[in-house]
Amino acid sequence: MKTTYHIYPTPEEVAAAFATFFEKWSSGKNTFTVALSGGSTPKILFEHLAENYRGAIDWQHIHFFWGDERCVPPDNADSNFKMTDKTLFQHINIPKENIHRIRGEADPAAEAERYAAEIQQFVKTENGWPRFDLVILGIGGDGHTASIFPDRMELLTSDKICAVATHPESGQQRISLTGRVIDNAWKVAFLVTGSGKKSVVAEIRERTGAWETYPASHVQAAEDLYWFLDEMAAGH
Ligand code: 6PG
């Protein structure tokens with residue numbers, strides 16, 4: 001696995017740079033499977049893709065999944081699907097069957113099972129686990145990624161594809177991919193911006209401080225692990 005860091009002055013430039021990689025990685029493939037993250041940074045990326053890549057990417061071959069979703073209905077302001085639909089899907093020509101929504105409105109335990117089965121149906125299996133072409137992740141100030149929080153480190157090595165998690169502050173339930181699925185992806189890309197992430201990013205990069213307690217520290221990839229950072233998050 002190779003880890004590379006791409007640092008740009010602003011979140012907008014992070015999004016623009018990542019979009020060029022996304023276009024390159026997803027082009028020329030019959031099917032490209034990607035698991036999205038929620039949060040503020042991907043929103044900037046989705047807006048950039050909608051604005052600049054509507055015709056440049058052949059969306060028909062891209063299948064969108066999520067790395068995690070809040071257990072709320074799809075029209076709820078907290079829904080990662082709602083944010084992605086509003087900023088990206090409504091602006092591109094994407095078949096609805098290519099959008100694999102986690103049903104946040106469903107019973108969480110049942111949905112974790114159902115979503116795992118949907119992933120197994122659409123995402124090829126390699127060494128016993130689904131292998132996404134790309135997993136996009138954010139990182140919380142506490143070092144969480146997807147919805148694997150520091151109080152649930154066992155999800156990094158769970159034998160399940162999806163799990164139900166609870167946000168430690170809000171108590172909000174989430175459905176999340178587990179660590180073995182994330183790590184099995186060909187490419188994993190962290191998109192991290194803002195000074196609020198500076199210290200957690202530095203601890204993870206330098207393997208100092210509380211890095212071992214951060215789920216994000218333990219993320220791997222089958223081929224490439226990327227960090228797309230703005231200068232604030234990179235501590236420049
Ligand atoms: C979510 C995300 C979560 C997010 C981090 C960072 O559903 O909230 O998947 O893991 O990536 O919390 O969020 P920000 O980019 O908004 O800081």
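This is a predicted model: local features need pLDDT of at least 70, side-chain atom pairs count only at pLDDT 80 or more; totals for chains, interfaces and linings use all residues.

A: Let's start with strand β2 (residues 32–36) and its neighbour β3, which pair in the parallel sense over five bridges. Strands here are DSSP runs marked E of at least two residues, helices are runs marked H or I of at least four, and both are numbered from the N terminus; two strands pair if DSSP finds at least two bridges between them.

Residues are numbered from 1 along each chain as its sequence is written, and side-chain values use heavy atoms, leaving out hydrogens and water.

Now stay on β3, which covers residues 62–66 and includes His63. Is His63 buried or exposed? His63 is buried, with a relative accessible area of 13%, because buried means under 20%, whereas exposed means over 50% and partly exposed lies in between, with a 1.4 Å probe and protein chains only. Its side chain makes a polar contact of 2.7 Å with the side chain of His100. A polar contact is a pair of N or O atoms within 3.5 Å; within protein, one must be able to donate a hydrogen and the other to accept it, and residues adjacent in sequence count only if both atoms are side-chain atoms. Setting aside neighbours within four places in sequence, His63 also touches several other residues, among them Thr31, Phe32, Val34 and Phe122; contact means heavy atoms within 4.5 Å.

β2 and β3 belong to an open sheet of six strands in the order β1-β11-β10-β7-β2-β3, with parallel pairing. β1 (2–8) and β3 stand at the edges with a single partner strand each, so one side of each has no neighbour in the sheet. On average, neighbouring strands are turned by 20 degrees against each other, direction ignored. Strands of a sheet pair through backbone hydrogen bonds, either parallel or antiparallel.

Two helices lie across this sheet. Helix α1 (residues 11–26) lies across β1, β2, β3, β7 (134–137), β10 (187–192) and β11 (224–230), and it runs at about 155 degrees to β11. Such angles run from 0 to 180 degrees between N-to-C directions, using axes fitted to C-alpha atoms (for helices, over the stretch in contact). Helix α6 (residues 198–206) lies across β1, β10 and β11, at about 145 degrees to β11.

There is a second open sheet too, made of three strands in the order β4-β9-β8 with antiparallel pairing. Its edge strands are β4 (68–70) and β8 (162–166), each pairing on one side only. β9 (residues 173–177) pairs with β4 over three bridges, and in one of these places Arg70 has Arg174 as its bridge partner. Why is β9 described as largely enclosed by the rest of the structure? Four of its five residues are buried, so the rest of the structure largely encloses β9.

Arg70 also leads us to the ligand. Of the 14 residues around the ligand, Ser40, Asp68, Arg70, Ala146 and Lys197 come nearest; here a residue is near a molecule if one of its heavy atoms lies within 4 Å of it. Taken alone the ligand exposes 410 Å², and the protein buries 85% of that.

Finally, look at Ala146, which lies in the loop between β7 and β8. Its phi is near 50 degrees, a positive value in a residue other than glycine. Most residues other than glycine have a negative phi. Ala146 counts as buried, at 9% relative accessibility.

Terms used. Accessible areas come from the Shrake-Rupley method with a 1.4 Å probe; for residues, only the protein chains shown count as cover.
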